[in-house]
Amino acid sequence: MISVEEARARILEHFAALEPVETPLLEAAGQVLAADVRGGFDIPPLPNTSMDGYAVRADDTAGATPASPLRLRVTGYLPAGSVYDGSVGPGEAVRIMTGAPIPDGADAIVPFEETDEEEQTARWEDGPRDDVRIDVEAKLGANIRPAGEDVRAGELVLPAGTILGPAQIGVLASLGLGTVQAIRRPRVAILSTGDELLRPGEPLRPGAIYDSNGFSLASMAREMGAEPRVLDIAGDTVEALTARVHEGLADADLLVTSAGVSRGDFDVVKEVLAREGSVGFWTVRMRPGKPLAFGTFQAGGEASDGEARRVVPHLGLPGNPVSAMMTFELFGRPAVFTMLGKPQAWERERVRAVSAERIARPDDRRFYARAIVERRDGRYHAKLTGPQGSGVLTSMALANGIVVVPEDGGPVEPGDECDVMLIGRVPDAEA
Ligand code: AMP
Ligand code: MG
């Protein structure tokens, strides 16, 4: 038996960040920036107003108060998106909308709220007004956003390696970029194997079950940021399996199969894997999910067309639905994140939680128990989802945490603190 950590280390030796591709901005969410991005110009490009108001010379407003306001002549109007082609002279004001560049001559903006703008009955669009009442003295530079306040031309804005979230994507858009160099998403081919499997939507027949692994694993892959490709179910024949494996290898960066790798298994998966690639069968010291296969395939056959043959890693997961998800979480997730160029980001948040019940390892393997975690009185509390069999997939559906009971310790007793890996949002329970 090998530990979870050793299995993961052996697997990760076969993965590295994929190559960058030019990616439309919106599709790059969650991906990693492959090259430094610098500002090509100041943002904002020109000093502009942060308020709807009147562009004035601050000196002209000296001494204005609500009790003794003064009046300025309105000489123009400037909506956002234009540049004023005149200038603001002494005693003058230009009506200006948020975001518009400050006209020459002006050095302060008096917001509408500090004028008689709100008292006007005629709409501006129906005819400009002759003058405006100024109720408050404007300070020099008031309500003016300087050029380059956000980004300076030439400045390093986002370094290579940045994970692109909504704010980073917004920043790239503000720089005028329509596409970005980002590490590409890995393509993960997912293959369910077994004569007993039916496609959801097909009528149930005696002895058969629906393929759930194909769906849970593809959903996980998508959530991780990969592009899943679900292959057609392969029955337990060498021919079917060989055909599917080759189909999966065509353009995949990782081939994931489920089922058929247990010891003494009648399935032909092991035979096909061993024949088509190099594969190791490991017994990992974890429950659920002990049998695990990992190997590599040479994709592209004999490569007679001169194209380089690709080595495609293969992760062979156990068939039981909870085992398949847990092993994909513990081994597939780090692999996908490594290919995405963010190898530090795969790990889940770990917290200590008070256990509501006794949780004992069924054997000498590390036990990953599905739990419902909540926060109460400033602490995390965990209780099991119910039966913990590796076929009880609803236990995964209920869980927002996985209690990890180490292989080298005693059971968790009620009230004990235990180690929890968070896989979902933790609600705050009412006190
Ligand atoms: P195996 O690894 O082939 O011995 O399968 C272990 C258990 O997982 C058996 O009960 C299978 O029926 C079940 N199983 C295998 N593949 C799937 C799948 N794709 N979806 C749901 N259950 C599966
Ligand atoms: Mg089977």
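**Sheet, cores and salt bridges of the predicted model**

P288 lies in the loop between β18 (286-287) and β19; helices (H or I, at least four residues) and strands (E, at least two) are DSSP runs, numbered from the N terminus. The model is predicted, so local features need pLDDT of at least 70 and side-chain atom pairs count only at pLDDT 80 or more, whereas totals for chains, interfaces and linings use all residues. Residues are numbered from 1 along each chain as its sequence is written, chains are lettered from A and ligands numbered from 1 in the order in which they are written, and side-chain values use heavy atoms, with hydrogens and water left out.

P288 counts as buried, at 5% relative accessibility. Here buried means under 20% relative accessible area, exposed over 50%, and partly exposed in between (1.4 Å probe, protein chains only). Not counting residues up to four places away in sequence, P288 touches V322, S323, M326, Y368, R370 and S390. Contact means heavy atoms within 4.5 Å. A58 lies elsewhere: P288 and A58 are 73 Å apart in space, C-alpha to C-alpha, and 230 residues apart in sequence.

Strand β19 belongs to an open sheet of 6 strands. The strand order is β15-β12-β16-β20-β19-β17, and the pairing is mixed. Two strands pair if DSSP finds at least two bridges between them. β15 (227-230) and β17 (277-283) are the edge strands, each pairing on one side only. From one strand to the next, the twist averages 20 degrees. Within this sheet, β16 (residues 254-258) and β20 (residues 310-317) run parallel and are joined by 4 bridges. L255 stands opposite H314 in β20.

Helix α4 (residues 238-249) lies across β12 (187-192), β15, β16, β19 (291-299) and β20. Its direction is at about 165 degrees to β12. Axes are lines fitted to C-alpha atoms, for helices over the stretch in contact, and angles run from 0 to 180 degrees between N-to-C directions. Helix α6 (residues 321-339) touches β12, β16, β19 and β20. The direction of α6 makes about 155 degrees with that of β20.

The largest nonpolar core has 43 residues. Such a core is a set of buried Ala, Val, Leu, Ile, Met, Phe, Trp, Tyr and Cys residues joined through side-chain atoms within 4.5 Å. V256, V284, L315, F328 and F331 have the most contacts inside this core. At least two core residues come from each of α1 (4-12), β12, α3 (213-224), β16, β19, β20, α6 and β24 (401-405). Helix α6 gives the most, with 11 residues. F331 is in contact with V4, A7, R8, I11, V284, M286, L292 and L315, leaving aside its neighbours within four places in sequence. A second, separate core of 19 residues includes A252, V269, V272 and F297.

V269 and V272 also belong to helix α5 (residues 269-276), where they are buried along with L273. Seen down the axis of α5, the buried residues fall within an arc of 100 degrees, so they line one face of the helix. The arc is that of the directions from the helix axis to the C-beta atoms. These buried residues pack against α4, β17, β19 and β20.

A search of the whole structure finds 31 salt bridges. Each is a side-chain nitrogen of Lys or Arg within 4 Å of a carboxyl oxygen of Asp or Glu. R133 and D135 meet at 2.8 Å, N to O. Both residues are buried. In helix α6, R333 and E329 are 4 residues apart, separated by about one helical turn. The closest N and O atoms of this salt bridge are 4.0 Å apart. R333 is buried, with a relative accessible area of 10%. E329 is buried too, at 8%. R365 forms a salt bridge with D363, the closest N and O atoms being 3.0 Å apart. R365 counts as buried at 10% relative accessibility, whereas D363 is partly exposed at 22%.

A network of salt bridges links R71, R95, D116, E117, R129 and D131. R95 is on strand β6 (residues 92-96), where A93 and R95 are buried on one side and E92, V94 and I96 on the other. In β6, 5 of its 5 residues are buried. Strand β4 (residues 53-56) pairs with β6 in the antiparallel sense over 3 bridges, and the bridge partner of A55 is V94. Strand β5 (residues 70-78) pairs with β6 in the parallel sense over 5 bridges. Y77 stands opposite R95.
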